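Subject: Structure handover

Hello,

Here is the structure for you to take over. My notes follow below it.

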Amino acid sequence: WYRHNDNYLAYLRDSIAEIDVEYDPKYDFTTAIHNAFVEARYREEKDDRKYAGKSESAVKDALKRKYYAERAFNLLREAEDGFENFDRESSGVGGAKVEEMDLYKDGKMLAVKIGNTSGKLCYAVDQSLTSLKLYKKGVLTDMKKVDTAVLWLVLERGTHIEDADGKPDLNQLNMLMLKNRLDQWKKEVRLMGIRPLVYVNYRTN
């Protein structure tokens with residue numbers, strides 16, 4: 001059992017190391033950035049009729065719930081960085097709703113997730129695979145051309161995982177379930193003739 005376990009972990013480590021991973025610090029997301037975003041939305045929306053009679057703090061609390069971290073992150077990428085934002089947009093497939101992607105740019109279909117556990121981050125893997133399979137089957141007929149599938153993992157941690165060359169090392173994450181899903185995702189995406197790519201950024205206070 002120990003030999004089998006060690007062999008599997010070595011395989012998994014090598015498989016994860018094959019995935020292209022990129023980090024650009026300009027996309028790091030902090031509490032201050034989120035608060036500034038909510039403040040800007042407050043100035044734009046405070047006079048909306050639904051906030052009549054509410055205090056400034058109550059309105060800001062409501063806006064922070066409305067523009068939760070991932071939604072604010074995606075809206076900022078749309079406003080500042082030329083991404084197309086499809087967050088919260090769904091397509092009907094067989095009576096079910098499917099969120100095709102969060103962001104799109106230059107042939108890249110991006111699934112964004114902020115979190116610090118495998119349970120949270122694996123959601124992006126599932127979203128990516130579901131949409132890609134429907135895309136390849138021609139079900140999502142209005143989807144833009146995709147040549148790269150991107151998982152954008154915004155890690156809630158203060159310690160970075162870049163190596164000496166500045167490349168994020170996913171093997172530094174103590175998340176076995178996520179690594180298993182990434183291994184599966186990489187293989188399935190490649191079989192579809194699409195490039196798998198992971199973006200790593202950080203959310204800090």
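These notes cover the nonpolar cores and then the aromatic rings.

This is a predicted model: local features need pLDDT of at least 70, side-chain atom pairs count only at pLDDT 80 or more, and totals for chains, interfaces and linings use all residues. Residues are numbered from 1 along each chain as its sequence is written, and side-chain values use heavy atoms, with hydrogens and water left out.

The largest nonpolar core has 35 residues. (A core is a set of buried Ala, Val, Leu, Ile, Met, Phe, Trp, Tyr and Cys residues joined through side-chain atoms within 4.5 Å; buried means under 20% relative accessible area, exposed over 50%, partly exposed in between, with a 1.4 Å probe and protein chains only.) Leu151, Leu170 and Trp185 are among those with the most contacts inside it. Apart from it lies another core, of 25 residues, including Val38 and Leu197.

The aromatic pairs number nine. (Rings of Phe, Tyr and Trp, the last by its six-membered ring, pair if their centres lie within 6.5 Å; planes under 30 degrees apart are stacked, over 60 edge-to-face, the rest tilted.) Tyr8 and Tyr11 have ring centres 6.0 Å apart and planes at 40 degrees, so this pair is tilted. Tyr8 is partly exposed at 31%, and Tyr11 is partly exposed at 35%. Tyr23 and Tyr202 pair edge-to-face, at 5.4 Å between centres and 75 degrees between planes. Tyr202 is buried, at 1% relative accessibility. Ring pairs also join Tyr27, Phe29, Phe73, Phe83, Trp152 and Tyr199 into a cluster.

Best wishes
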